[in-house]
Amino acid sequence: QDLRAKNMPFTIGNVIRIVFNYLLLPIVSFSFFQLVIAKGSPAYSVALAALIIIIVICFSIWLVRVIISTRPKSHLFDDLPTVLLYGPLYNTYCDDAAAFAMIPIFLNFARGVGIGALQPSGIAQVVLLAICEVVSVLTLIAFRPFPSPTHMNLYQGVFSCVRFLTIIMSVVFVPSLAVSSATRGWIGYVILVLHALVLIFGFFLNALQTL
């Protein structure tokens, strides 16, 4: 009976995990892009996109308010139904850094706006995405949300720096700059190499060591 009472928090918690940890960026991107092409789209598509954006914003604000306003903070980690329900957003952080959960939500939303709403301007996309990575690094340094033995603060900082480099290099693909195809090709290969290095040293070797 005690376990059955936790089925609903566990189920909703998994939905929150899937939506906010994996699908928030594509959902926001597609929704804002739908608004950009609203003139040539059916009215119901535009209305649905706007509704999704409003729901995501309202639910995000409500989740962040719950996490920030909970007192004492230990309740977020000790109360099992609460952990099952909201834990996917903060349970990898230190007890005193649970509020850091709002940073990834804000950054993913901002990235979604950049990718979806700023399609007409490549320069604006690059600038906004670069700003997001700078904010990510600065907040990691300020909050240090992950426990020190995990080295995840360093990991995430390195990932943000690599993303920043790839975003800056992506400027050459902006049509208005008229960069030659050969240069674009070499820059593309450099970006692919950076992604490969992250996959090998950031994920594959780490997983191999864990095994």
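Trainee: Leaving aside its neighbours within four places in sequence, which residues is L89 in contact with?

Mentor: In this predicted model, L89 touches I16, F20, N21, L63, I67, A101 and I105. L89 also belongs to the residues with the most contacts inside the largest nonpolar core, together with F20, I67, Y86 and Y90.

Trainee: What makes this set of 27 residues a nonpolar core?

Mentor: The name requires buried nonpolar residues joined through side-chain atoms within 4.5 Å, and the 27 residues of this set are therefore called a core. At least two residues of this core come from each of α1, α2 (43-69), α4, α5 and α6. The largest share, six residues, is supplied by α2. Another core, of eight residues, lies apart from it and includes V172, I187, I191 and L194. In soluble globular proteins, nonpolar side chains tend to be buried together.

Trainee: Why is T82 called buried?

Mentor: Buried means under 20% relative accessible area. T82 has a relative accessibility of 12%, so T82 counts as buried. This residue is part of helix α4, which covers residues 80-86. Not counting residues up to four places away in sequence, T82 touches H75, L76, G87 and Y90.

Trainee: How do you know that the side chains of T82 and D79 make a polar contact?

Mentor: A polar contact needs a pair of N or O atoms within 3.5 Å, one able to donate a hydrogen and the other to accept it. The side chains of T82 and D79 are paired at 2.5 Å, so the pair counts as a polar contact.

Trainee: Why is T11 called partly exposed?

Mentor: The term applies between the limits of 20% and 50% relative accessible area. The value for T11 is 43%, and T11 is therefore partly exposed. T11 is in helix α1. The C-alpha atoms of T11 and L85 are 7.8 Å apart in space, although 74 residues apart in sequence.

Trainee: Is L140 buried or exposed, and what value decides it?

Mentor: The relative accessibility of L140 is 7%, so L140 counts as buried. L140 has its place in helix α6. Beyond residues up to four places away in sequence, L140 touches F100, P145, F146, N153, Q156, G157 and S160.

Trainee: Which residues lie nearest the centre of the largest pocket?

Mentor: They are N21, Y93, P104, N108 and Q156, out of 33 lining residues. The space in this pocket is about 810 Å³. Two or more lining residues come from each of α1 (7-36), α5 (102-117), α6 (122-143) and α7 (152-169). The largest share of the lining, eight residues, is given by α1.

Trainee: Into what classes do the residues of the lining of the largest pocket divide?

Mentor: The lining divides into 22 nonpolar, seven polar and four charged residues.

Trainee: How many helices and strands does the secondary structure of the protein chain come to?

Mentor: The chain has eight helices and zero strands. Its C-alpha trace spans about 65 × 50 × 30 Å along the principal axes. Of its 211 residues, 34% count as buried. Among contacts between residues at least 6 apart in sequence, 57% join residues at least 24 apart.

Methods: Residues numbered from 1 in each chain as written. Predicted model: local features only at pLDDT ≥ 70, side-chain atom pairs only at ≥ 80, totals over all residues. Heavy atoms only, no water. Helix = DSSP H or I, 4+ residues; strand = E, 2+ residues; numbered from the N terminus. Buried < 20%, exposed > 50% of the residue type's maximum accessible area, 1.4 Å probe, protein only. Contact = heavy atoms within 4.5 Å. 1 Å grid on protein atoms, 1.4 Å probe; cavity = no way out; pocket = protein on both sides within 12 Å on 5 of 7 lines; lining within 4 Å. Points joined across faces, edges and corners; volume = space filled by probe spheres on them. Nonpolar A, V, L, I, M, F, W, Y, C, P; charged D, E, K, R; others polar.
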